[in-house]
Amino acid sequence: MDDAERSQQAGFAEAPHYHGHRERLRERFREAGADALSDYELLELVLFRALPRRDVKPLAKALIARFGSFAEAVNAPAERLREVSGLGEVAILEIKLIAAAAARVTKGQVKQRTVLSSWSAVIDYCRTTMAFADKEQFRILFLDKRNQLIADELQQVGTVDHTPVYPREIVKRGLELSATAVIMVHNHPSGDPTPSQADIQMTKSIVAIAEPLGIAVHDHIIVGKNGHASLKGLRLI
């Protein structure tokens, strides 16, 4: 009888092999931060609490293989996460909490200052909340006369490549909120943020209705996995 068998018979079963791996991963995160970890390792840290009695490395690697990156995995719809073998509701909740926390943090950074003086925070917020969605979403940031955020509203959710947008409804909502400016944001699930002709024409229609009523259109931002595009920056409005 070897030492391992004697220990087990005495009621002292050896700890699973992944326990040491978990502590080493936590220590690396504590000492060097998230940049020292790969995407799947960061996902492991997220899954540790939800799955305390499992080796989660294979599951984390499977999530990255399926969705492409940490950001895409945590932003994946719950119904798609349920398709991953071994990922239960508790683990899915932990993953979606990470996405919600990231969105809440970036939104807080936008609300702290005037929007136009914190443009990089606006872009970060838009990308965090929308860039990895699997359907098109159309969001409006309504601003007051000091260019501070009054409201952030998701106006429409469409299909993988189209979102119905109603310019008069957008302007009506702006008047209800006493907004003096808006920033429009939508995503391209394809990943390419290049504006289409339909995007450009729709934006011009909103500008034509909004500006005579005292509501300026500061920009229309398109976000995708591969970056973002500003119609104002491209001189398209």
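How are α3 and α7 oriented to each other? I opened the notebook with this pair, keeping in mind that the model is predicted.

**Entry: α3 and α7**

I looked up helix α3, residues 39-50, against helix α7, residues 89-111, and found that they pack at an angle of about 135°, with their axes 9 Å apart. The two helices, α3 and α7, are therefore oblique to each other. I then checked the handedness, and the crossing in which α3 passes α7 is right-handed. On the α3 side I listed V46, L47, R49 and A50, which meet V90, A91, E94, I95 and I98 in α7. Sorting the residues of this contact of α3 with α7 by class, I noted seven nonpolar and two charged residues, with no polar ones.

**Entry: α7 and α8**

I stayed with α7 and turned to helix α8, residues 119-130, where the axes come within 8 Å and cross at roughly 155°. That angle makes α7 roughly antiparallel to α8. For the crossing of α7 and α8 I wrote down left-handed. The contact draws on A102, A103, T106, K107, Q109 and V110 from α7, and on A121, V122, D124, Y125, T128 and T129 from α8. By class, I recorded six nonpolar, four polar and two charged residues in the contact of α7 with α8.

**Entry: α9 and α10**

Next I went to helix α9, residues 167-176, and helix α10, residues 197-210, which pack at an angle of about 45°, their axes being 9 Å apart.

**Entry: rings**

How many aromatic pairs does the count come to? I searched by the rule that ring centres must lie within 6.5 Å, and the count came to zero aromatic pairs. I also asked what lies over the face of Y40, and the residue I found there is K61, at 4.9 Å from the ring centre.

Methods. Residues are numbered from 1 along each chain as its sequence is written. This is a predicted model: local features need pLDDT of at least 70, side-chain atom pairs count only at pLDDT 80 or more; totals for chains, interfaces and linings use all residues. Side-chain values use heavy atoms; hydrogens and water are left out. Rings of Phe, Tyr and Trp (its six-membered ring) pair if their centres lie within 6.5 Å; planes under 30 degrees apart count as stacked, over 60 as edge-to-face and the rest as tilted. A charge sits over a ring if NZ of Lys or CZ of Arg is within 6 Å of the ring centre and within 35 degrees of the ring normal. Axes are lines fitted to C-alpha atoms, for helices over the stretch in contact, and angles run from 0 to 180 degrees between N-to-C directions. Helices (H or I, at least four residues) and strands (E, at least two) are DSSP runs, numbered from the N terminus. Angles under 35 degrees count as roughly parallel, over 145 as roughly antiparallel, 65 to 115 as roughly perpendicular and the rest as oblique. A crossing is left-handed if the near helix is turned anticlockwise from the far one by less than a right angle, and right-handed if clockwise. Contact means heavy atoms within 4.5 Å. Ala, Val, Leu, Ile, Met, Phe, Trp, Tyr, Cys and Pro count as nonpolar, Asp, Glu, Lys and Arg as charged, and the others, Gly among them, as polar.
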